[in-house]
Amino acid sequence: MNITAPRGTKDILPEDTAKWQYLENITRKIFSSYNFKEIRTPLFEATELFQRGIGEATDIVEKEMYTFEDKGGRSITLRPEGTASVVRSFLENKIYGQAQPTKYFYIGSMFRYERPQAGRYREFHQLGVEVLGSDNPAIDAEIIALGLQLLEELGLDNLELHLNSVGCPKCRAEYREKLINYFKPYLEELCSDCQDRYDRNPLRILDCKVDRGKEFMNNAPKIYEELCEECEDDFDQVKEFLDLLDIDYILDANLVRGLDYYTKTAFEVIYKGLGAQDTIFGGGRYDGLAEEVGGRDIPGIGFAMGMERILLTLEEQGIELPIDNSIDLFITTIGEKANKEAFKYLHKLRKAGLKVEMDYLGRSVKSQMKAADRNNANYSIILGEDELEKGVATIRNMTSGEQIEIKLENLVEEMEKRID
Ligand SMILES: [Zn+2]
Ligand SMILES: [Zn+2]
């Protein structure tokens with residue numbers, strides 16, 4: 001038998017987990033300072049949660065959903081994204097009955113069923129935030145600031161914020177008509193996908209990668225210039241709050257989101273580094289989603305970031321995360337008696353909170369010293385019959401080579417002094 005990991009999945013081995021943990025830790029730290037609380041929803045949900053509408057609205061999601069029937073005959077889907085589950089949980093647990101807004105974040109695996117290709121996995125990871133129960137434009141600016149701060153603290157600072165408003169069902173319906181009229185004379189010049197979209201979802205023509213750059217695309221009516229009074233006022237306020245935080249943005253009328261429940265603010269953050277131009281995260285308002293999921297009118301906004309994307313961008317840009325792989329002390333032993341004594345010290349030191357390791361294989365002193373190096377030990381000591389008899393040991397600083405003799409009984413305190 002030769003069992004391998006399922007297609008489209010990947011092991012994250014310890015040399016990489018350190019990076020993932022760093023990313024997760026800094027995420028938790030920054031999100032906490034904005035008073036976001038972590039929510040953990042199931043990895044799988046009833047398929048209906050993600051398959052609400054039929055037709056264009058869900059065409060992309062549905063095609064790629066990791067859906068199967070369980071033994072009870074239920075249709076189950078591994079979550080393709082975080083938002084729907086968070087909204088479902090918010091409604092199911094009646095969180096709307098508490099003081100609002102509700103500010104949640106999540107970190108975890110998401111799934112899609114598609115042909116695996118370079119850099120695209122069937123299990124991938126996202127972190128994101130959702131704020132439910134408030135339509136205050138300050139929240140829109142707050143989550144943008146939050147996402148930017150995370151990336152900046154990771155060392156990515158050439159960030160470009162693209163901002164748009166996709167309006168509400170009312171003003172979008174009027175805009176849609178304008179767009180249909182505008183594109184009518186150019187129908188033949190659109191790609192075949194957009195010719196399909198023309199009737200069903202003309203907004204999606206604006207973010208078509210094939211048609212981008214064609215002359216007539218530039219003069220298409222811009223949605224942020226066609227907003228109703230309420231949406232316009234909200235958009236002005238979002239911009240004002242961003243100004244208050246000194247966050248620059250580029251108005252981007254082509255930043256549209258295909259689904260009906262998206263409303264008002266839409267944004268995307270693009271990283272521009274050495275030879276790179278990557279969308280690192282995007283999000284926006286979805287004031288119509290809770291209605292679709294559970295028949296309640298609750299405003300919401302959020303963003304999601306692909307964690308693989310972030311780590312890859314850091315790597316491509318040569319940004320080293322400050323990861324400490326070192327241990328405090330490696331105990332090298334000579335002889336069985338010393339080995340047993342060391343084992344006791346190992347335990348005491350670990351209980352004192354120090355990172356300590358020793359040899360388990362009865363290797364030569366030379367091999368043990370190599371092991372100390374391999375473990376990135378900051379200090380080492382050698383314990384043999386002599387040391388035990390005299391009750392002393394020599395602590396060696398592995399970086400400077402400096403050595404100091406201490407009383408063995410003081411080993412824990414002496415080590416604690418050196419590691420703060
Ligand atoms: Zn509107
Ligand atoms: Zn097109």
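Predicted model: local features only at pLDDT ≥ 70, side-chain atom pairs only at ≥ 80, totals over all residues.
**Entry 1: domains**

I began with the division of the chain. Domain 1 takes in residues 14–168 and 228–316, and domain 2 covers 327–418. I then looked up the separation of their centres over C-alpha atoms, which is 49 Å.

**Entry 2: the sheet**

I followed the strands next. The open sheet has 8 strands, and its order reads E1-E5-E6-E11-E10-E9-E7-E8. The pairing is mixed. Strands E1 (37–38) and E8 (250–251) are the edge strands; each has a single partner, so one side of each has no neighbour in the sheet.

I picked one pair to look at in detail. E7 (residues 159–165) runs antiparallel to E9 (residues 263–273), and 7 bridges join the two. Within this pair I found leucine 159 opposite tyrosine 271 of E9. I also checked what packs on the sheet here: helix H9 (residues 229–244) touches E7, E8 and E9. The direction of H9 makes about 160 degrees with that of E7.

**Entry 3: zinc ion, ligand 1**

Which residues coordinate the zinc ion (ligand 1)? I found Cys168, Cys171, Cys228 and Cys231, each through SG, at 2.3 Å. The 4 donor atoms subtend angles of 105 to 115 degrees at this zinc ion, and I therefore noted the arrangement as tetrahedral. The spacing of the donor residues in sequence is C-x2-C-x56-C-x2-C.

Cysteine 171 belongs to helix H6 (residues 169–183) and cysteine 231 to helix H9; the pair is 60 residues apart and links distant parts of the chain. Both cysteine 171 and cysteine 231 are buried.

**Entry 4: zinc ion, ligand 2**

I repeated the look-up for the other site. Here the protein donors are Cys191 (SG), Cys194 (SG), Cys208 (SG) and Asp211 (OD), lying 2.2 Å from the zinc ion (ligand 2). Their sequence spacing is C-x2-C-x13-C-x2-D.

Why is this site called tetrahedral? The 4 donor atoms subtend angles of 95 to 116 degrees, and the label requires all angles to lie between 85 and 135 degrees.

Cysteine 194 sits in helix H7 (residues 192–200), while cysteine 208 is in the loop between H7 and helix H8 (215–218), 14 residues apart. Cysteine 194 has 0% relative accessibility and so counts as buried. Cysteine 208, at 6%, counts as buried because the limit is under 20%.

Definitions and conventions:
Residues numbered from 1 in each chain as written. Chains lettered and ligands numbered in written order. Heavy atoms only, no water. Pairing = 2+ DSSP bridges. Helix = DSSP H or I, 4+ residues; strand = E, 2+ residues; numbered from the N terminus. Contact = heavy atoms within 4.5 Å. Axes fitted to C-alpha atoms, helices over the stretch in contact; angles between N-to-C directions. Donors = N, O, S within 2.8 Å, 3.2 Å for Na, K, Ca; no water. Tetrahedral: all angles 85-135°; square planar, octahedral: opposite > 155°, others 65-115°. Buried < 20%, exposed > 50% of the residue type's maximum accessible area, 1.4 Å probe, protein only. Domains from an automatic or database assignment.
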